[in-house]
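Here are my notes on this one, point by point. Have the viewer open while you read.

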Amino acid sequence: MDFADLLLTRQSVRRYRDQPVEPEKIAQLIEAVRLAPSASNSQPWKLIIVDEPDLKDQVALATFSTLVSFNKFVPQAPVLAVLVVEKPKLITQIGGRLKDRDFPLIDIGIAAEHFCLQAAELGLGTCMLGWFDEPAIQRLLHIPPHKRIGLLIALGYSEGEDPPRPKIRKSRQEMCSFNRYE
Ligand SMILES: Cc1cc2nc3c(=O)[nH]c(=O)nc-3n(C[C@H](O)[C@H](O)[C@H](O)COP(=O)(O)O)c2cc1C
């Protein structure tokens, strides 16, 4: 797929078909994350693919509650990907402290977008999930409590949503300027 078309095709999918994702496609998604760039090439992530149905359902339930209902669609997704933030290289830790930059979180975002774009190219839908019960998911997936979870990604075949929805975005003038901040 042409890259510009891929950018329009990738969208947050919140309705999934009851259809498993092929292992070859999962392998390609893992590779897409593995190849992502990162500060000092630290690769400060662990990717956990949650595809065991009961466990996946329990993790999905930890992305919403009675108070926060916007992630109620998540149990429909047959697979959840969890990006755990790992310690970067020492040089990146020092640089991050000196410059007050959270490089690993930036890196996780890039890795997540690699995953989502590759998924779109494979005909799969995704939705990044930044809202979840972190301690509950740490317990379910045996993630040590001191390790932060950067993002979850719901994955599966989209139910409908074809062609892609028009993008709701700021205008170019609002989000970009040349040669100075405006
Ligand atoms: C860091 C991050 C966290 C997000 N968290 C959620 C979430 O918890 N639930 C959800 O439904 N969508 C979530 N989204 C999806 C955004 O709402 C979505 O990307 C945005 O509205 C643009 O729409 P599009 O992805 O369809 O282009 C998240 C996206 C990002 C990048």
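1. Start with Ser12: an N or O atom in its side chain sits 2.6 Å from an oxygen atom of the ligand. Keep in mind that this is a predicted model. Arg10 also reaches the ligand, with a polar side-chain atom 2.8 Å from one of its oxygen atoms. For Lys167, the polar side-chain atom is 3.4 Å from a ligand oxygen. As for cover, the ligand taken alone exposes 620 Å², and the protein buries 63% of that.

2. Now the whole shell. It has 16 residues around the ligand, and the closest are Arg10, Ser12, Arg14, Asn71 and Arg169. By class, you get seven nonpolar, four polar and five charged residues. Which strand gives the most to this shell? That would be S3 (residues 125–129), with three residues.

3. Next, have a look at Tyr157, in the loop that runs between strand S4 (149–156) and helix H7 (172–175). Is Tyr157 buried or exposed? Its relative accessible area is 7%, so Tyr157 counts as buried, the cut-off being under 20%.

4. What does Tyr157 touch, leaving out residues up to four places away in sequence? The list includes Arg15, Tyr16, Arg17, Pro20 and Val21, as well as Gly123 and Leu124. Glu22 is another of these contacts, and here the two side chains make a polar contact at 2.6 Å.

Technical notes: Residues numbered from 1 in each chain as written. Predicted model: local features only at pLDDT ≥ 70, side-chain atom pairs only at ≥ 80, totals over all residues. Heavy atoms only, no water. Near = heavy atom within 4 Å. Polar contact = N/O pair within 3.5 Å; in protein donor to acceptor, adjacent residues only side chain to side chain. Areas by Shrake-Rupley, 256 points an atom, 1.4 Å probe, with all protein chains shown as cover. Helix = DSSP H or I, 4+ residues; strand = E, 2+ residues; numbered from the N terminus. Nonpolar A, V, L, I, M, F, W, Y, C, P; charged D, E, K, R; others polar. Buried < 20%, exposed > 50% of the residue type's maximum accessible area, 1.4 Å probe, protein only. Contact = heavy atoms within 4.5 Å.
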